[in-house]
Amino acid sequence: MTREEKAAVIGNLVEQLNAYPHFYITNIEALNASQTAALRRKCFESDVKLMVVKNTLLTKALENVNKADEDLVKTLEGSTSIMFSQTGKAPAVLIKEFRKTSDKPVLKAAYVEDCVYVGDNQLEALCNIKSREELIGDIIALLQSPAKNVISALQGSAGQKIAGIVKALEERN
C-alpha cells in the first residue's frame, strides 16, 4: 500500500469517526464467508457500518480526531474490524444476537457516549446503556409526574374543595 493509499484510508476513517458518535472495535477473524455475509446483512439492517481496518491506520485516524484513548489503542492488536453507529447500543445488541449462532465477533473496545469500554465483558453493560435522549425523556417523565398529580387533584373532587375554600375566603373579605 502506497503512502497516498494509506492517507486516503486514514482520511476515510477520520470522516467516519466524525460522522458517527459511537464505534465498536471488534474481532471477526475466523468467520467464514457465509457468516461474514450474515453479519454484514445484520449490520445493514441495524444501520451499523462495518469496516475491516489495519490497526496502525486506525490508530492514526483516532489520533487525528482526538479519540486515541490509551486503553482504546492498546486493544488494537490482531485482526480488527470497526462498527460505526448513530445509536450507542445498536452494535452491542447486534453482537449479542449474532453470538447465538457463532462465538464471534468479540468486542475489543467501544467508544459510546464519550466513554471508552474495554473488553468483551462490557457487552452486557453496553446492551443496557441508555442514550442521552432516553435519559432526558426519563428525567422529564419524572419531573412531570408530580405536576400531573397536582393538576388531576385540582380537576377532581379535591379541586372543588380547594375552589370552595378559596371562594369562602374571598367572601370573608
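How many bridges join E1 to strand E3 (residues 80-85)? The answer is 5, and the two strands run antiparallel.

This is a predicted model, in which local features need pLDDT of at least 70, side-chain atom pairs count only at pLDDT 80 or more, and totals for chains, interfaces and linings use all residues. Residues are numbered from 1 along each chain as its sequence is written, and side-chain values use heavy atoms, with hydrogens and water left out.

**Pairing of E1**

Strands (E, at least two residues) are DSSP runs, numbered from the N terminus. Two of them pair if DSSP finds at least two bridges between them. E1 also pairs with strand E4 (residues 106-112), again over 5 bridges in the antiparallel sense.

**Burial of E1**

Buried means under 20% relative accessible area, exposed over 50%, and partly exposed in between (1.4 Å probe, protein chains only). Strand E1 (residues 22-27) is largely enclosed by the rest of the structure, because 6 of its 6 residues are buried. Both faces are covered. One side carries His-22, Tyr-24 and Thr-26; the other carries Phe-23, Ile-25 and Asn-27.

**Asn-27**

Asn-27 lies in strand E1. Its relative accessible area is 14%, so Asn-27 is buried. The Asn-27 side chain reaches the backbone nitrogen of Glu-29 at 2.8 Å. Contact means heavy atoms within 4.5 Å. Leaving out residues up to four places away in sequence, Asn-27 touches Ser-79, Ser-81, Lys-104, Pro-105, Val-106 and Lys-108.

Methods
Helix = DSSP H or I, 4+ residues; strand = E, 2+ residues; numbered from the N terminus. Polar contact = N/O pair within 3.5 Å; in protein donor to acceptor, adjacent residues only side chain to side chain.
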